Amino acid sequence: MERYSFQAESRELLDLMVHAIYSQKEVFLRELLSNASDALDKLRLLSLTNAVNLPEGHVFEIRIDRDSEKRVLVIEDSGVGMNHDELVNNLGTIARSGTKEFLQQIKEKNTPASELIGQFGVGFYSMFMVAERVEVFTRKAGETQGYHWVSDGKGEFTIEPVEKDTIGTRIVIHLKPVDEENGIEDFTREDVIRRIVKRYSDFISYPIKMKVIREENKEKKEVEETLNSMKPLWTRKPSEVSEDEYHDFYKHLTHDWENPLATITLQGEGTVEFQALLFIPSRVPFDIFYQSFEPKVNLYVKRVLIQENVDMLLPRYLRFVAGVVDSPDLSLNISREMLQQDKTILQVRKRLVKKILDTLLDMQEKDREKYTKFWQEFGVIVKEGIGADYENKEKLLSLLLFESSAGKDLITLEEYVKRMKEDQKEIYYLTGESRRVLETSPYMEAVKDKGYEVLFLTQPIDEFMMSAVHEFQGKKFHCLNKEPIEEKAPEVSEEDKPLLEKLQTLLSDHVREVKFSTKLVDSPACVMTKAFEFSPHVRKILGEKYP
Ligand code: ADP
Ligand code: MG
């Protein structure tokens, strides 16, 4: 028997988990069923691509067994299973990048554990909320040796070889004593299990079977029943699916414990047929800026999952959108490489992008509060699209929200243009570190007297974004800390020339040119950048030396 310690991050997470006063302890079952369903999906995929040969008569299913007296609950699947190394890695470590930093952040900020769970998706470890001890028996598809993993979730686990007749995974949970006050119900009871399965896992596309006692002609008999309806949500009419059902599916898909901000359904008909069910999360995932971040969009062909985390279905600036796309027009054997050029995929993608952007515009118009919440979470990512998606540029520009000199409210460009002064020709903006700095900056003087509104752009990405933005609704943009291209400096009198020359010599190491300006009212001088250069603020971010 081999003995291992959990990786430090896993230990921390386990500890948070077990000590979290989390009311919905029942969700451990959802997590295990979700893993079982993932394992069955993986096996189906492998068999479709002929990477493994299935044993004869193999049945794709999940079984729940229980023993109320011994307080044991068993979840078994006939999925892909794990070999020795996968057991050590998948159940002993957290592979997701950024986990370490994230845990650190939680400790520093003293984030409540429930929120942590919401951000993280704890999966397998969540069962230690209700378990005293867990045993995993597993055998990987295509291999003969089975393994037995045991842990009490307190820092260590053991592994030893074991005989296992069938491929797949059996998880044996030795439950803690019933303690209703602390959310530990009797999870071996039929009605409790039924309720949880129905609530969270009804749409799982494999049967979840359980033996139950039924009375027939006054005789008690043990029969097997399937607890879930197995109907994928995206194949049902949106009018017949409740919001709760959508939300539970979202949580199953993303491991998020919070409800999504918006649910989007879309049917493609005509040239390309497809069904899509997409979600906009409430919160930005903590690893969204990692190179390794994968969008949680899964691709199905006629209800069979053929690829997870497909990045071709949406542009990168919409990578936070999660969901499923199902199209009968795709081949079951399509590879990741083939997806890149597949015409059907490109058409679907176009429709999805349009629908998502329209949904957001609609939210902006009808529910500004909700939209503002969206913007505060995802605005910085949507901004990446401005320079990348020319086809949708106008729509993307309409999505932008800005701080402005007119007040505290975030405004759209449309709102800005609507209230432009009669003699005002351009959209004015300023880039810099913060609203406070910009409000009082000398650059404001150029327009202050005229009463023009100025947009304040304070995120590092803003200036990069603006280098791709030239006009909106026919109005040109004008950055106040940049020199307009066509502007001529005022004539310099003979009398003033020595002053300019003197300043020019004194500052020659730092500036290109010293000029008079008509822009300033109260301030004696300010630094300007050429129209096509980055401002001092951004140069500082980029690390360029600047006086
Ligand atoms: P996630 O499902 O988000 O990957 P989990 O903590 O739920 O995270 O599971 C960790 C990993 O353990 C899974 O990614 C998978 O590789 C493995 N695993 C868990 N349950 C099973 C199972 N029933 N069959 C095969 N592998 C499993
Ligand atoms: Mg999981």
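In the predicted model, helix α2 supplies the largest share of the shell around ligand 1, five residues. Helices (H or I, at least four residues) and strands (E, at least two) are DSSP runs, numbered from the N terminus. The shell holds 17 residues, of which N35, A39, N90, G123 and F124 are the closest; a residue is near a molecule or strand if its C-beta atom, placed from the backbone, lies within 6 Å of it. Two or more residues come from each of α2 and α3 (84-92).

Residues are numbered from 1 along each chain as its sequence is written, while chains are lettered from A and ligands numbered from 1 in the order in which they are written. This is a predicted model, in which local features need pLDDT of at least 70 and side-chain atom pairs count only at pLDDT 80 or more, whereas totals for chains, interfaces and linings use all residues.

The chain has 17 helices and 20 strands. Its C-alpha trace spans about 110 × 55 × 45 Å along the principal axes. Of the 547 residues in the chain, 33% are buried; a residue is buried if 20 or more other C-beta atoms lie within 10 Å of its own, exposed if 12 or fewer, and partly exposed in between, with C-beta atoms placed from the backbone. Among the contacts in the chain with a separation of 6 or more, 72% are between residues 24 or more positions apart. Two residues are in contact if their C-beta atoms, placed from the backbone, lie within 7 Å.

Nine strands form an open sheet of mixed pairing, in the order β1-β6-β5-β4-β7-β3-β2-β8-β9. Two strands pair if DSSP finds at least two bridges between them. The edge strands β1 (2-5) and β9 (219-226) each pair on one side only. From one strand to the next, the twist averages 25 degrees. Axes are lines fitted to C-alpha atoms, for helices over the stretch in contact, and angles run from 0 to 180 degrees between N-to-C directions. Within this sheet, β4 (residues 131-139) and β7 (residues 168-175) run antiparallel and are joined by eight bridges, with V134 opposite I173 in β7. Helix α2 packs on the sheet, where it touches β2 (62-67), β3 (72-77), β7 and β8 (208-216), and its direction makes about 20 degrees with that of β3.

A second open sheet, also of mixed pairing, contains five strands in the order β10-β11-β14-β12-β13. Its edges are β10 (262-268) and β13 (304-307); each has a single partner strand, so one side of each is left without a neighbour in the sheet. The twist averages 20 degrees from one strand to the next. Strand β12 (residues 297-301) pairs with β13 in the antiparallel sense over three bridges, and V301 has V304 of β13 as its bridge partner.

Helix α9 (residues 343-366) lies across β10, β11 (274-280) and β14 (322-326), at about 140 degrees to β10. This helix contains R349, which counts as partly exposed because it has 18 C-beta neighbours inside 10 Å. Apart from neighbours within four places in sequence, R349 is in contact with M312, L313 and L314. The C-alpha atoms of R349 and L314 are 5.9 Å apart, although the two residues are 35 apart in sequence.

Strand β19 (residues 471-472) runs antiparallel to β20, with two bridges between them, and E471 is the bridge partner of K476 in β20. The hairpin of β19 and β20 has two residues between the strands, and Q473 takes a positive phi near 45 degrees there.

The largest nonpolar core has 119 residues, among which M127, L313, V321, V325, Y429, V454 and L480 touch the most other members. A nonpolar core is a set of buried Ala, Val, Leu, Ile, Met, Phe, Trp, Tyr and Cys residues joined through C-beta atoms within 7 Å. Helix α2 (residues 27-48) gives the most to this core, with nine residues. Beyond its neighbours within four places in sequence, V454 is in contact with S404, S405, Y428, Y429, L430, M444, V447 and L480.
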